[in-house]
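Q: Please take a close look at the ligand site of this model and at the chain that surrounds the site.

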Amino acid sequence: MINLRLKNVKNASNIIKGSEYIILNPNDYKGKWNKLFGNQNPINIEIGMGKGDFIIEMAKKNPNVNFIGIEMFDSVMVRAVQKLENQNLDNLKLIRMDATYINDVFDREIDTIYLNFSDPWPKKRHEKRRLTSHEFLKRYDLIFKGSKNIIQKTDNIGLFAFSLQSLSTFGYVLNFVTLDLHQTKTEDNVMTEYEKKFVSNGVKICMLKATKKA
Ligand SMILES: C[S@@+](CC[C@H](N)C(=O)[O-])C[C@H]1O[C@@H](n2cnc3c(N)ncnc32)[C@H](O)[C@@H]1O
């Protein structure tokens with residue numbers, strides 16, 4: 001069982017390394033991502049992209065926006081890589097990394113950050129690990145190009161309440177807040193893997209859109 005798991009992880013790692021979508025040396029592109037994409041279109045990132053349904057669909061629907069998906073585990077990211085086989089999306093790249101080190105990879109070049117169903121880290125002592133904690137917001141401050149845009153979806157009301165407070169005390173203005181996304185009229189919501197499961201089980205989805213001036 002353990003050997004099988006190790007083998008799977010090794011295979012995942014090899015599959016990821018062979019994908020044209022994966023950037024293996026992301027630090028080399030710090031401040032140069034527009035050059036890599038070959039255009040000056042906005043760059044939006046998703047932190048914790050999981051198996052990639054959201055970022056892949058967003059890239060297909062918005063050819064004039066560049067997307068970068070970030071995920072820390074090979075075993076999850078490999079699913080996104082497999083979905084991308086035989087697809088031709090010039091506006092999508094993927095990075096396998098822990099977002100804690102995001103400042104090593106980006107420099108004032110990001111337009112929007114998507115946080116979809118991020119781990120809630122419910123224990124108080126783990127607060128700093130939440131992707132909307134002030135620790136992370138300070139890191140994000142250094143990667144935005146102009147105005148700072150964060151869009152979050154979650155089923156977790158505790159994380160959502162924390163995010164609303166954390167973002168507003170950090171200078172963000174909340175432009176859109178709902179506690180039940182699927183009962184709210186929104187233009188073109190793209191669902192994530194977790195969202196699809198939650199919605200089919202009748203779980204309500206919270207969403208916020210927050211902006212901070214440059
Ligand atoms: C609950 S899953 C949600 C996946 C996907 N966004 C969705 O909505 O279906 C959270 C994902 O975030 C990833 N993640 C958590 N913390 C991260 C971090 N600091 N850096 C990169 N990825 C992270 C986890 O590995 C996991 O795949």
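A: Helices (H or I, at least four residues) and strands (E, at least two) are DSSP runs, numbered from the N terminus. In those terms, the protein chain reads α-α-β-α-β-α-β-β-α-β-α-β-α-β along its sequence. Its radius of gyration, taken over C-alpha atoms, is 17 Å, close to the 17 Å that the globule rule (2.2 Å times the number of residues to the power 0.38) gives for 214 residues, so the chain is as compact as a globular protein of that length.

The model is predicted: local features need pLDDT of at least 70, side-chain atom pairs count only at pLDDT 80 or more, and totals for chains, interfaces and linings use all residues. Residues are numbered from 1 along each chain as its sequence is written, and side-chain values use heavy atoms, with hydrogens and water left out.

Around the ligand are 16 residues (a heavy atom within 4 Å), of which Gly48, Glu71, Ala99, Thr192 and Tyr194 come nearest. This shell comprises seven nonpolar, four polar and five charged residues.

Polar contacts are pairs of N or O atoms within 3.5 Å. A ligand nitrogen lies 2.9 Å from a polar backbone atom of asparagine 116, and a ligand nitrogen is 3.3 Å from a backbone N or O atom of methionine 72. On the side-chain side, an N or O atom of glutamate 193 is 3.3 Å from a ligand oxygen. The protein covers 92% of the 600 Å² of accessible area (Shrake-Rupley method, 1.4 Å probe) that the ligand has on its own.

How values were computed. A polar contact is a pair of N or O atoms within 3.5 Å; within protein, one must be able to donate a hydrogen and the other to accept it, and residues adjacent in sequence count only if both atoms are side-chain atoms. Ala, Val, Leu, Ile, Met, Phe, Trp, Tyr, Cys and Pro count as nonpolar, Asp, Glu, Lys and Arg as charged, and the others, Gly among them, as polar.
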